[in-house]
Amino acid sequence: MSYPTERPRRLRRSEAVRSLVRETRVATNGLLYPMFICPGANVRQEIGSMPGISQQSVDRFLEEAREVEQLGVPGILLFGLPETKDASGSEAWSPEGPVPRAVRAVRDAGLKLIVAADVCLCEYTDHGHCGVLKGETVLNDGTLELLAKAALAYAAAGADIVAPSDMMDGRVGAIRRILDDNGLEDTIVLSYAAKYCSGLYGPFREAADSAPKFGDRRSYQMDPANAREALREVALDIEEGADIVMVKPAMPYLDVIRRVRDELTVPVAAYNVSGEYSMVKAAAANGWIEEKRVVLEILTGIQRAGADIVCTYHAKDVARWLKAC
Ligand code: PBG
Ligand code: ZN
């Protein structure tokens, strides 16, 4: 059967019909909103390359967290900027560090938000790498215990999810063990399992003050050319106990999201990263694209590729737009 009997345009005749047959429905309830916590009080410092996104002290952060909850965004993903940095990133596991304080503030305020805490050392080390160094080499095994201690500090403070983003081998297992040994077997591990060495993290490194002081992250983050390797990374993390796996960035890696989705059964997250956000904001500010339309198209694409969860700096805007329609 084909034309003239078959007419795909029949199903595009009105918004009501289009919406009836729509395959992918962007919803607020799959979104996580990333937030940056800094020291001090009454601080809200907008990030130059990320309009609308700020570094905030815990008090101001809490105000925005309330707003996020009211908008119906289900969860937040926290990053911390420490008071001081050192070679091992020790403020990453301090119970008085920015992230544990923010988590406790959310819990004490009785907010229902799901709180996820990013686990990495690069915001906390004076050299800006995601692990400890020997000379200029980023050590794998020597880093695991430090990441585990950080995850434990966040989980103990009340985080629902810990999300290791460092790309060391074996860190999911190390984190799962320390959580279980401390009675935190219900804390969820969301692993940045397939995290590529991407040029799209630039604005984030301004936001989190986490740019490496020398070299790059190619010896631990994945080569953008590799998709089969992503499946291997994901499988290993699931074996080590990851509950949710993430692909990052999102837009250049939709094929990877799809393959992970097809070959595995755990929930799949995608991180629509800072550079992806900044490109949209800059083009929209110039009047070159329509922000709302393009953001919803991008999120539709990420979900259509198979992501159940999307971490995105657009989350609040999307929630507002979807509420209005
Ligand atoms: C830290 C981390 C990064 C991001 C999340 N966690 C940056 C990096 O690896 O340099 C990127 C997030 C974004 O760009 O929005 N390991
Ligand atoms: Zn890092």
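This is a predicted model: local features need pLDDT of at least 70, side-chain atom pairs count only at pLDDT 80 or more; totals for chains, interfaces and linings use all residues.

User: At what angle do the axes of H7 and H8 cross?
Analyst: Roughly 45 degrees. The axes of H7 (residues 228-240) and H8 (residues 254-263) come within 10 Å.

User: Why call H7 and H8 oblique?
Analyst: Angles from 65 to 115 degrees count as roughly perpendicular and those under 35 as roughly parallel. The H7/H8 angle is roughly 45 degrees, so the two helices are oblique to each other.

User: Which residues meet there?
Analyst: From H7, Arg-228, Ala-230, Leu-231 and Val-234. They meet Val-256, Arg-259, Val-260 and Glu-263 of H8. The contact has 5 nonpolar residues, 3 charged and no polar.

User: New topic: cis peptides. What joins Tyr-3 and Pro-4?
Analyst: A cis peptide bond, with omega about 10 degrees. Pro-4 sits in the segment before helix H1 (15-20).

User: And the bond from Lys-248 to Pro-249, cis or trans?
Analyst: Cis, with omega near -10 degrees. Pro-249 is in the loop between strand S10 (244-248) and H8.

User: Now backbone phi. What about Asn-42?
Analyst: Asn-42 is not a glycine, yet its phi is positive, about 55 degrees. It lies in the loop between strands S1 (31-37) and S2 (44-46).

User: Is Asn-42 buried or exposed?
Analyst: Exposed, because its relative accessibility is 53% and the cut-off is over 50%.

User: And Asp-209, what is its phi?
Analyst: Positive, about 50 degrees, and Asp-209 is not a glycine either. Its loop runs between helix H6 (202-207) and H7. With a relative accessible area of 41%, Asp-209 is partly exposed.

Conventions: Residues are numbered from 1 along each chain as its sequence is written. Chains are lettered from A and ligands numbered from 1 in the order in which they are written. Side-chain values use heavy atoms; hydrogens and water are left out. Axes are lines fitted to C-alpha atoms, for helices over the stretch in contact, and angles run from 0 to 180 degrees between N-to-C directions. Helices (H or I, at least four residues) and strands (E, at least two) are DSSP runs, numbered from the N terminus. Angles under 35 degrees count as roughly parallel, over 145 as roughly antiparallel, 65 to 115 as roughly perpendicular and the rest as oblique. Contact means heavy atoms within 4.5 Å. Ala, Val, Leu, Ile, Met, Phe, Trp, Tyr, Cys and Pro count as nonpolar, Asp, Glu, Lys and Arg as charged, and the others, Gly among them, as polar. Buried means under 20% relative accessible area, exposed over 50%, partly exposed in between (1.4 Å probe, protein chains only).
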